[in-house]
Amino acid sequence: MNGRAPFSPAALAEAFDERRLLALRILHLAIPLGALLLPAVALLVAADPPQRSAAPGLPLLLSWVTAALALGAWAAAFSLHSALLARTVAGAERAGDLLPGVQTARLLRLALLEAPALVGGVVLLLAALDGSLRTQPLLGLNALPAIALAAFAWRTWPRRDALVEEIAAVDRQVATGAR
């Protein structure tokens, strides 16, 4: 408990005005679109004849790395996001002080989710180059982290009303000492 009254919905709505949310929205869109580029390039490369691989079987091995990284990144992304939001809300005296911390928490969550998407994209590219994407179509599952990231980014688009609701809920938890 920090001794201040909970933020009013009006104060939160003012703190998250449309102009201030623009940078967050641009980055919220750019991160998943960048991660989707590698699988798209891999599909284009897969149309060409395969090249001889210096490390046959590498895409399959790296697929396990992608899966492990995805599990860890998703767990870390949500844990850190919640912790950063709680810390931001607890330390804020005014609603206007919240935006930098909220931006940091949301962008960190997306960046952590982007890591397995990028690794999966590189694995797809390697599989497309050596032809193993054609012979082992299950390697295409390496695109799942990028697809999941894009779906998650769409679902959590930074709308002002959703941000106000989220921060109000965290503010109530901080005020009661619950976590």
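The legends below describe several close-up views of a predicted model.

In this predicted model, local features need pLDDT of at least 70 and side-chain atom pairs count only at pLDDT 80 or more, whereas totals for chains, interfaces and linings use all residues. Residues are numbered from 1 along each chain as its sequence is written, and side-chain values use heavy atoms, with hydrogens and water left out.

View 1. Helix α2 covers residues 18–46 and helix α4 covers residues 98–130, where helices are DSSP runs (H or I, at least four residues) numbered from the N terminus. The two helices pack at an angle of about 5 degrees with their axes 8 Å apart, the axes being lines fitted to C-alpha atoms over the stretch in contact and the angles running from 0 to 180 degrees between N-to-C directions. That angle makes α2 roughly parallel to α4; angles under 35 degrees count as roughly parallel, over 145 as roughly antiparallel, 65 to 115 as roughly perpendicular and the rest as oblique. The residues of this contact divide into 21 nonpolar, three polar and three charged, with Ala, Val, Leu, Ile, Met, Phe, Trp, Tyr, Cys and Pro counted as nonpolar, Asp, Glu, Lys and Arg as charged, and the others, Gly among them, as polar.

**View 2. The crossing of helices α3 and α6.** The axes of α3 (residues 58–91) and α6 (residues 144–155) come within 11 Å and cross at roughly 20 degrees, which makes α3 roughly parallel to α6. The crossing of α3 past α6 is right-handed, a term that applies if the near helix is turned clockwise from the far one by less than a right angle, and left-handed if anticlockwise. Thr66, Ala70, Trp74 and Phe78 of α3 meet Pro145, Ala148, Leu149 and Phe152 of α6 in this contact, where contact means heavy atoms within 4.5 Å. These contact residues divide into seven nonpolar, one polar and no charged. Phe78, in helix α3, is partly exposed with a relative accessible area of 33%, on a scale where buried means under 20%, exposed over 50% and partly exposed in between (1.4 Å probe, protein chains only). Leaving aside its neighbours within four places in sequence, Phe78 is in contact with Arg109 and Phe152.

**View 3. The packing of helices α3 and α7.** The axes of α3 and α7 come within 9 Å and cross at roughly 75 degrees, and the two helices are therefore roughly perpendicular to each other. From α3 the contact draws on His81, Leu85, Ala86, Val89 and Ala90, and from α7 on Glu166, Ile167, Val170, Asp171 and Val174. The residues of this contact divide into seven nonpolar, one polar and two charged.

**View 4. The surroundings of His81, Ala105 and Arg106.** His81 lies in helix α3 and is buried, with a relative accessible area of 5%. Beyond its neighbours within four places in sequence, His81 is in contact with Ala105, Arg106, Arg109 and Glu166. Ala105 belongs to helix α4 and is buried at a relative accessible area of 0%; apart from neighbours within four places in sequence, Ala105 is in contact with His81, Leu84 and Leu85. Arg106, also placed in helix α4, is buried with a relative accessible area of 5%. With neighbours within four places in sequence left aside, the contacts of Arg106 are Leu24, His28, His81, Thr156, Trp157, Pro158, Leu163 and Glu166.

**View 5. The nonpolar cores.** The largest nonpolar core has 21 residues, and those with the most contacts inside it are Phe7, Leu12, Phe16, Val89, Leu98, Val102 and Ile167; a nonpolar core is a set of buried Ala, Val, Leu, Ile, Met, Phe, Trp, Tyr and Cys residues joined through side-chain atoms within 4.5 Å. The elements α1 (9–15), α2, α3, α4 and α7 (160–176) each give two or more residues to this core, and α7 gives the most, with six residues. Leu98, setting aside its neighbours within four places in sequence, is in contact with Phe7, Leu12, Phe16, Thr88, Val89, Ala92 and Ile167. A second, separate core of 10 residues includes Ile31, Ala35, Ala77 and Ala153.

**View 6. The setting of Ser132.** Ser132 is found in helix α5 (residues 132–135) and counts as buried at 10% relative accessibility. Leaving aside its neighbours within four places in sequence, Ser132 is in contact with Pro59, Ala127 and Leu139.
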